[in-house]
Amino acid sequence: MDAVGYGFPSDIKGPNGCGKTEVSCVWASPEGGQKIDIGKHIFCNRAVNMKNIVAVGFDMDYTLAQYKPETFESLAYNGTVKKLVANLGYPNELLDWSFDWTYMVRGLVLDKKRGNILKMDRHKYVKVAYHGFRLLSKDEKVATYGNTLVRDAFDEPDYALIDTLFSLAEAYLFAQLVDFKDNNPEKISEEKDYFCMYRDVRAAVDLCHRDGTLKQMVANDPKKYINEDNSIVPMLQMLRTSGFAVFLVTNSLWDYTNVVMNFLCGPPKPDGSSSLTLDWLKHFDVVISGSAKPKFFHDENRTNLFAVDTDSGMLINTDNGSPMAQVGGPSLELPDQMPDKSYKVFQGGNVGHLHKLLNVESSSQVLYVGDHIYGDILRSKKVLGWRTMLVVPELEKEVKLLWHLRDTRKQLMILRSERDHIEDQIHHLKWSLQCDCLDAHEAKKAQSKLGSLEVQRERVRVTHQEAQKVFHEKVASFRTQFHKVWGQLMKTGYQNSRFAHQVERFACLYTSQVGNLGLYSPAKYYRPSEDFMPHEFDIFSL
């Protein structure tokens, strides 16, 4: 994976020895083109030449709009709990529960039948497992997930994948319900096993979405729930000035989309006015709301495409984006009959409609930026062949911490290799002594050498453990740390995590914030670093 430029926070010095924070400016500005803070790098899994890209598209929720977990996720959590009690018959005690928005992370897997929360490596081996909030022992973990003749696929319907930031609240609530049922079996119906409880949580979440409670609260006070991001508008302006078609595809409907995009990209309102304008639309060529991703990415999806009258919110029938006259209504056949009416906002449709609206000839000419591995990235990449960029907000803090720990990590790698080498020699000497293939003199020398190697192995083992202790002490001393329960987002032990594996497979590019795209040249050729297999890594790294 590759990233260009280095910049570092004040407490972490970069390779140039600079200890001061370097301010990242949009590339097109006079101050742009400088070294970029490492937390804002764009990392490359698969080559993307921006000169070959015609259209750049964005998701809205959790991509352009980064929600504040301490307010928005808590709002979603509280709404879900209320639905469980009021609509699904759960005890009133649940209303007293609270939500720790820092506890869950993306990439986890919920075992619906057993009430377990799992973190797996890229090979789908369970490395960390909790039953509710109780850590499973190694024996329990192996007995449940390791002693089977046929390996579990860990997919639906028995498992739920926590791949979006919006899923964190429901995962936390599920863990609470598991503990509550175990400790208070008389308060939860016997008919409601763990699987049923998860299904009820999902039903309650859906109820919150359908009645519009969450979105109305956000619309009433966007600043309370959404992070302001001053990098978005300059980035969009740079892309359009560079000749790219810019589009927005979101599952949110027009009314909510207009509220959020006004907050992010609309003109400043010094008087605190909440009035909505359509000024933000000038940054986009096409906006598709209510897209129903991931179904949207299937060309055979026959959903009709409607134009949206942005003044009234009314939907207008279209023929591939061109308005169609209504029976008994005013004639719309001739374009010059509505010279002041430029429809760029639509609802529904499929990717085929979008390609026609953008005049895209090849799917490889599209770069799409989203936050959802399944809903945004996997389908658009696997089905269409679009170029993709995944937004991973958690990455910014982690890469800064990893940079500061790089020397200790390298030392640990060297010590592990040294331990392996010594153990190989010990095993060979023991084999030679056991098979009686040595004469008395050689056996005596081998025995002596074996003793020396075992002393050396113990010394290296102790050194390795001390280095690991120093590593963890360094981590603990930083204000920014890896997650206290689940560790690094992209690692599970020494292996890449399941989440990291998906990022590597389906995201051509990945970065911490959508605005980071504005820190790089719009003509940049993103190139990945060379892939290394273990046999190559052993040769080139040590």
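These are my notebook entries on what I looked up in this structure, which is a predicted model.

**Entry 1: the whole chain**

I started with the totals. The protein has 542 residues, and 47% of them count as buried. I found 15 helices and 20 strands listed for the protein.

**Entry 2: helix α3**

I picked α3, which runs over residues 168-183. How far does this helix reach from its first C-alpha to its last? I get 23 Å for its 16 residues, close to the 22 Å expected at 1.5 Å a residue. I then checked its cover: 13 of the 16 residues in α3 are buried, so I noted the helix as mostly covered.

**Entry 3: aromatic rings**

The structure holds 26 aromatic pairs, and I followed two of them. A reminder to myself: a pair of aromatic rings is described by the distance of the centres and the angle of the planes.

Where do the two partners sit in the chain? Y77 belongs to helix α1 (residues 69-88), while F99 is in the loop between α1 and β4 (108-111), so that the pair links distant parts of the chain, 22 residues apart. Both Y77 and F99 are buried.

Then I put the rings together. Ring pairs link Y77, F99, Y103, Y130, F133, Y172 and W486 into a cluster.

S74 lies in helix α1. I looked up what S74 touches, leaving out residues up to four places away in sequence, and found P69 and F99. S74 counts as buried because its relative accessibility is 16%, which is under the 20% cut-off.

**Entry 4: charges over rings**

I looked at two cases here. K524 lies over the face of Y526, 5.4 Å from the ring centre. R527 has its charged end over the ring of Y525, at 4.1 Å from the centre.

**Entry 5: an open antiparallel sheet**

Five strands form this open sheet, in the order β7-β6-β5-β4-β8, with antiparallel pairing. Which strands stand at the edges? They are β7 and β8 (159-162); each has a single partner strand, so one side of each is left without a neighbour in the sheet. Further in, I checked β4 against β5 (residues 116-120) and found three bridges in the antiparallel sense. Across this pairing, L110 stands opposite I117 in β5.

β10 covers residues 286-289. In a regular strand the side chains alternate between the two faces of the sheet. Which residues of β10 point which way? V286 and I288 point one way, V287 and S289 the other, and all are buried.

I then looked up its partners. Strand β9 (residues 245-249) runs parallel to β10 and is joined to it by three bridges. F247 has V286 in β10 as its bridge partner. Strand β14 (residues 345-348) also runs parallel to β10, again with three bridges. There, V287 stands opposite V345 in β14.

P267 is in the loop between α8 (254-265) and β10. P267 is partly exposed, because its relative accessible area is 31%. Not counting residues up to four places away in sequence, P267 touches T277 and D279. I also noted the C-alpha separation of P267 and T277: 8.3 Å, with the two residues 10 apart along the chain.

Note on methods
Residues are numbered from 1 along each chain as its sequence is written. This is a predicted model: local features need pLDDT of at least 70, side-chain atom pairs count only at pLDDT 80 or more; totals for chains, interfaces and linings use all residues. Side-chain values use heavy atoms; hydrogens and water are left out. Helices (H or I, at least four residues) and strands (E, at least two) are DSSP runs, numbered from the N terminus. The expected span of a helix is 1.5 Å times one less than its number of residues. Buried means under 20% relative accessible area, exposed over 50%, partly exposed in between (1.4 Å probe, protein chains only). Rings of Phe, Tyr and Trp (its six-membered ring) pair if their centres lie within 6.5 Å; planes under 30 degrees apart count as stacked, over 60 as edge-to-face and the rest as tilted. A charge sits over a ring if NZ of Lys or CZ of Arg is within 6 Å of the ring centre and within 35 degrees of the ring normal. Two strands pair if DSSP finds at least two bridges between them. Contact means heavy atoms within 4.5 Å.
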